Every structure is written in structure tokens, then in C-alpha cells.
Amino acid sequence: MGILKQGAAAAAIGLVAISISTTAWAEFPDKPITLVVPFSAGGPSDKIARDLAEALRKPLAQTVVVDNTAGAGGTIGAARVARASPDGYTLLVHHIGISTAPALYKKLPYKTLEDFEYLGLINEAPSTLIGKPGLAASNFAGLRKWISANDGKVNLANAGVGSASHLCGLVLQATLQSKMVFVPYKGTAPAMTDLMGGQVDLMCEQATNAVPQIEAKKVKAFGVTSKQRMALPALAQVPTLAEAGLAGFEMSVWHGVYAPKGTPPAVLARLNAAIRAALKDPELIQREEALGVRIVTDARLEPAEHKKYVEGEMIRWARIIKDSGETAD
């Protein structure tokens, strides 16, 4: 009889646990959720986060607010989320930089693979190699000759150390085997402004942010970093960098969503389900495709596969950054 009573007690405890988990699922979220973007407002990551926030409101039946916490290549905002209460109400939307920071910074205020819960990769966007309007070259072949003739003198703008534009520049410099002068800015907007004004020569920027300037003919487009040419009218005639002569050159800027380590499994499952639903929203898809962004639909939407992918990217970028000699501190 004692064994039967113990079994009944264990079953009762199990039912209580299931009940608590179900309640947590049903009640979450009961207040607004904050999406922390570790970069300045108006940049590519900010645009993507705001589109996602809008699409998340319906499946979560709750307000989703975007909060820009910029600085130190995205590490300040990431650290803020790592230290946040693990209740699902403070999330991080970060790009490829989350995988490169461990190689760029000697000391990080968080551990990339240990201090976050991975909620899924959400999109990928190619970058564009763009130049100032007065640049003499009219295509990539001409640009390559110009860079070679001005080795060590070409100014390549970026949105700050660790930014996607900085990382793309590292790959470009290594592939061309030509030394360039990296000019870091505090965000994409001031870098783009100086490029359009002719104060710097080149920039490797996400299509998300470059397309409007290309359409307005405020900058010159020399190539895209995608595997195939992009279908956008502004870029349809622009070759891939691989096609233009840089064999194997391919780079996408991806974004993922993260929660603080220790967030309850039921809450994580609720958030992942909401993200999946948001990524099927027709308006979100239309907005992203208009900017050349591809919504992720593969296994990387799964938290485990998302984490596995980031780990692989950390290994890949560690080699590139080590060879470049670049550091952020």
C-alpha cells in the first residue's frame, strides 16, 4: 500500500507540474515585451527588429517594444539581455556580430553559447559593395584596378568595429589581398552620409540599407555578396562578387532572437511558436523581400539548430579575424 501511495503522490506532483507549465504558457505574456537591438535606430538591424515586433503582436496578443541599446559592436545590448530577468519579457535581436564578438574582443561581459537561450534564426540578407558617386570606376573590374593602383589609400567606411559592414570589409580586403584604410563610424547612418558626400570611398553595406541610396543614384553599386543576383530592380543588373571575379566570395548578414539563460521552457516554446507565426505574416514577408531580405524557413528556426549554426559561425569568423589582426579592445 505504501508503494501505491507513493506512486499516487508522484502522479499528483506530476499533474501539478503540468498544470503550472500549462498556466505559464496560457498567461505569458501578460505585459509588453521588449526587443533589445544592440545598434542605433534607423540601421538595418533596427528596421528588421521593428518589422518583427509588429508581426509578433498578433501571435503574442501583446505589445512588443523595440529598445536600441547601442555601443561596442553590439556587446552592450547583448550584455544587457544576458543579465536581464529570465522571464521572457526582455529579448535580444542580434545579427552575425554575436558570432564574431568572441574573436574581436579579448573580454566579453557574457558567454555567447552559455548565457542565452536560442530562439531561432529569422532571416538572411546579402550585402552590397557600394562606392561614392564620384568614383572613377563604373564596374567591379574597373574598381578592382583602381583599388590595386591605390593600395593602402582606399578608405572603406563601416558602422563600427564588429558591425556587418566591418566584417564584410575584412573579407573583401583579404580576398583582394589589398590593404585598405578602415574608417569606423558610430552607426550606419553617418557612414552612409559620408559615403554619399564623397568623404570616404567605399562601403560594404547590407542591401536592406543600401537599396534606397542605389535607387536614388546617390551611391554606385559594384557587386552583391549573395550566391545569385538579386531580383530587386535596383540590383538586378548588379553582378555577384563571385561572378565579378572574386571566386567563392559569399556573405549573408543573418539575425536571430535570444532570451536570457534560464528562461522557463514553456515560455521559450511560446516565444518560438510566436516567432514562427510572425515569419509567416504576409506583410512582414513583403517588407523584407522588398529590401532583399530572405526569411529563414529551414531547420535553423529550431533553437538547437540555431545554436549549432552560431557555434559554426564563431569558428569560421575566428579564423578570418585572426588572419586580419583586427581587434576591438
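Where does Thr 263 lie? Thr 263 sits in the loop between strand 9 (252-260) and helix 9 (265-278); helices (H or I, at least four residues) and strands (E, at least two) are DSSP runs, numbered from the N terminus. A word on the model before we go on: it is predicted, local features need pLDDT of at least 70, side-chain atom pairs count only at pLDDT 80 or more, and totals for chains, interfaces and linings use all residues. Residues are numbered from 1 along each chain as its sequence is written, and side-chain values use heavy atoms, with hydrogens and water left out.

Let us begin with burial, where buried means under 20% relative accessible area, exposed over 50%, and partly exposed in between (1.4 Å probe, protein chains only).

| Residue | Relative accessible area |
|---|---|
| Thr 263 | 4% |
| Asn 272 | 12% |
| Leu 60 | 3% |
| Thr 69 | 16% |

Thr 263 touches Pro 86, Asp 87, Gly 88, Glu 117 and Leu 268, not counting residues up to four places away in sequence; contact here means heavy atoms within 4.5 Å. Tyr 89 is 174 residues from Thr 263 in sequence, yet their C-alpha atoms are 9.6 Å apart in space. A polar atom of the Thr 263 side chain also lies 2.7 Å from the backbone oxygen of Pro 260. For polar contacts, the rule is a pair of N or O atoms within 3.5 Å; within protein, one must be able to donate a hydrogen and the other to accept it, and residues adjacent in sequence count only if both atoms are side-chain atoms.

Asn 272 belongs to helix 9. Its side chain has a polar atom 3.1 Å from the backbone oxygen of Leu 301. Beyond neighbours within four places in sequence, Asn 272 is in contact with Leu 119, Leu 301 and Pro 303.

Thr 69 is found in the loop between strand 2 (64-68) and helix 3 (75-83).

Leu 60 is in helix 2 (residues 44-60), and its contacts outside four places in sequence are Pro 29, Ile 33, Arg 270 and Ala 274. The axes of helix 2 and helix 9 come within 8 Å and cross at roughly 115°. Axes are lines fitted to C-alpha atoms, for helices over the stretch in contact, and angles run from 0 to 180 degrees between N-to-C directions. In this meeting, Leu 52, Ala 55, Leu 56, Pro 59 and Leu 60 of helix 2 face Arg 270, Ala 274, Ile 275, Ala 277 and Ala 278 of helix 9.

Helix 4 (residues 97-104) and helix 11 (residues 303-324) also have axes that come within 8 Å, crossing at roughly 45°. Residues making the contact include Ile 98 and Leu 104 from helix 4, with Met 314 and Trp 317 from helix 11.

**Nonpolar cores**

A nonpolar core is a set of buried Ala, Val, Leu, Ile, Met, Phe, Trp, Tyr and Cys residues joined through side-chain atoms within 4.5 Å. The largest has 77 residues, of which Leu 52, Leu 56 and Leu 143 touch the most other members. Leu 143 is in contact with Leu 129, Leu 135, Ala 137, Leu 202 and Phe 222, leaving aside neighbours within four places in sequence. Another core, of 18 residues, lies apart from it and includes Val 200, Ala 207, Ile 214 and Leu 232.
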